[in-house]
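Load the model in a viewer and keep the selection tool at hand. The stops below are meant to be followed in order.

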Amino acid sequence: MAYFTHESRHGPALATTMKIAFLIDTISTDTAGTQKQLLEMIRRLDRTAFEPQLICLWESPWMTRNTLPCPCTVLGYRGFVKSNFPGVVRRLAAMLSEQRIDVVQTFFEDSIFVAWLGAALARPRPVLLSSRRDIGLGRENQPWYHGLFGRALPYVNRTFAGIVANSEQVRQYVSQRERTPLSKIKVHYNGVAFPDANITVPAPDLLATHANDVWIGIVASLTPVKRHDLLIRSFARLGAASPARLLLLGEGPQRATLEALARECGVSERVHFEGAVKDVGAYLRHVDIGVLCSDREGLSNAILEYMSYALPVVATQVGGNGELVNADNGVIVPPDDVDAMASALQRLVGDRELRGRLGRTSREKALTLFSWEKSMSDIEAYYRSLVQPVN
C-alpha cells in the first residue's frame, strides 16, 4: 500500500511504507520516561508498513555510546533565540522535503515549534502530530521563552492533525491549558513488557538476605516531585515491630537529604538506597508492594511495571494514576498525606492474601489494557487514519 500526505494526494505515490519522523530534544537514556517509551515504540513498529527515523535537536553523550533502533539526524539546535535557529529550521525543512516524510510526531515543547516552522517550509508538507505526557512536569528549569510557547500553543495546535496524550487526565489538562478541543486529543496509553513467569530469577543479594521481610519498593528518580520524603515518613509510622523494609530504586539530587531523613525518622537500617539499577525487573520480581507517591504525574511507567510484575500498588491520586490503580489492584491515596499513605502500607504489609489478590488483578489489568501488542495496534491504526491510502 502506498500513501500520500495531506498536500500530495494528487501527486505521484510515495513509498509503499509510511515514513514517520519522531522529533525529540535528545535521547539521554533508554531506561526511563518518554525516551524509554519512544525507543521501544520504534523497535516495535511494523517495518513492512512503517519506516521510522529519529530527529534529535541535539546529541547527548548517551547517543554517542549506544546504538539507536533507527536512523537518526541531529539538527544542532542550541535554543529558540540562538543565532543558528533559522539554519536548524531550514535543515529540518530540507530533510522533510527530500525524504518525503509522511508524519512528524513531536515530543516536548521545543520540538513542537521547530517542527511547526520546518513543516511550513517543506513540500509536500507532512502531517504533524504532537505528544503530551505530563501535567506540568519539568517546567521549573525551562528557558524564559517557554512562557511565550504556552501562549502560542492554542494557535499552533490548529495546524497539527492531532495531539497524543498518554492518559485521560493529561488529555483534559492539555485541552484546558492549551484551549484545544478534546476531539483533537487522542489518548494512547504507554505500553509495558511482561516478565516470563516461567523463568526463575534469583533475588538480588540485598533482598535475599532479608527474604522473610515484606519489601515495599519505589522506582523513581530522587527528585522533589516524586516525594520520597512522604514515603519515608509514612514508612516510619509502621513502627519498629513491622516486618517491612523499604527499597528505593533510582538516583538523583535528593539522595543525601533523604538518607538524612531516614536517620532522623529512626528507620535508616530498614530503608535501602540501591541507586539506579540496570535490571529493575530483577528487584521487582521479589518486591511485595509497589509505591508511587508523586505530587504530579502523566502516566507512570513505574506503576505499569509494578502491574506487569503482579504487584499491588499504592499510589497518589494525581495525573493518570487513577486510570491504572483502583480498589481492585491497590490503594489510591491523596497526595501529600502521610496518614493515608501509612494506613495503606500498613494494610497491605499485614495481609499477604490481600497482596496476592490485588497483585494478580494488577497483572490481568495490565495484560488487557497496557500490553505492547495493544499499544502498537492502536498507534499504528491511528497513524493510518491520518494519512490516506492510494486506491
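Bear in mind throughout that the model is predicted.

**The sheet**

Colour the strands by number and read across the sheet. Its 7 strands follow the order S3-S2-S1-S4-S5-S6-S7, the pairing is parallel, and the sheet is open. Which strands stand at the edges? They are S3 (72–74) and S7 (185–187); each has a single partner strand, so one side of each lacks a neighbour in the sheet. From one strand to the next the twist averages 25 degrees.

Next select S2, residues 50–56, together with S3: the two are joined in the parallel sense by 3 bridges. To find one of the paired positions, pick Leu 54, whose bridge partner in S3 is Cys 72.

**Thr 17**

Step to Thr 17, in the segment before S1. Is this residue buried or exposed? Thr 17 has a relative accessible area of 13%, under the 20% cut-off, and is therefore buried. Show side chains here: that of Thr 17 makes a polar contact with that of Glu 51, at 3.3 Å.

**The nonpolar cores**

Select Ile 216, Val 291, Ile 303, Tyr 306 and Val 314. Within the largest nonpolar core, which has 59 residues, these touch the most other members. Helix H13 (residues 338–349) gives the most to this core, namely 7 residues.

Centre on Ile 216 and display its surroundings. Beyond its neighbours within four places in sequence, Ile 216 has contacts that include Phe 235, Leu 238, Leu 247, Val 287 and Ile 289. Val 291 is also in contact with Ile 216, as are Leu 345 and Val 349.

For the second core, which is separate and has 30 residues, select Ile 20, Phe 22, Leu 38 and Val 103, which are among its members.

**Arg 171**

The last stop is Arg 171, in helix H6 (residues 168–177). Its relative accessible area is 18%, so Arg 171 counts as buried. What is in contact with Arg 171, leaving aside neighbours within four places in sequence? The residues are Ala 165, Leu 182, Ser 183, Ile 185 and Val 187. To end, draw a distance between the C-alpha atoms of Arg 171 and Pro 181: these residues are 10 apart along the chain, and the separation is 9.9 Å.

Note on methods: Residues are numbered from 1 along each chain as its sequence is written. This is a predicted model: local features need pLDDT of at least 70, side-chain atom pairs count only at pLDDT 80 or more; totals for chains, interfaces and linings use all residues. Side-chain values use heavy atoms; hydrogens and water are left out. Two strands pair if DSSP finds at least two bridges between them. Helices (H or I, at least four residues) and strands (E, at least two) are DSSP runs, numbered from the N terminus. Axes are lines fitted to C-alpha atoms, for helices over the stretch in contact, and angles run from 0 to 180 degrees between N-to-C directions. Buried means under 20% relative accessible area, exposed over 50%, partly exposed in between (1.4 Å probe, protein chains only). A polar contact is a pair of N or O atoms within 3.5 Å; within protein, one must be able to donate a hydrogen and the other to accept it, and residues adjacent in sequence count only if both atoms are side-chain atoms. A nonpolar core is a set of buried Ala, Val, Leu, Ile, Met, Phe, Trp, Tyr and Cys residues joined through side-chain atoms within 4.5 Å. Contact means heavy atoms within 4.5 Å.
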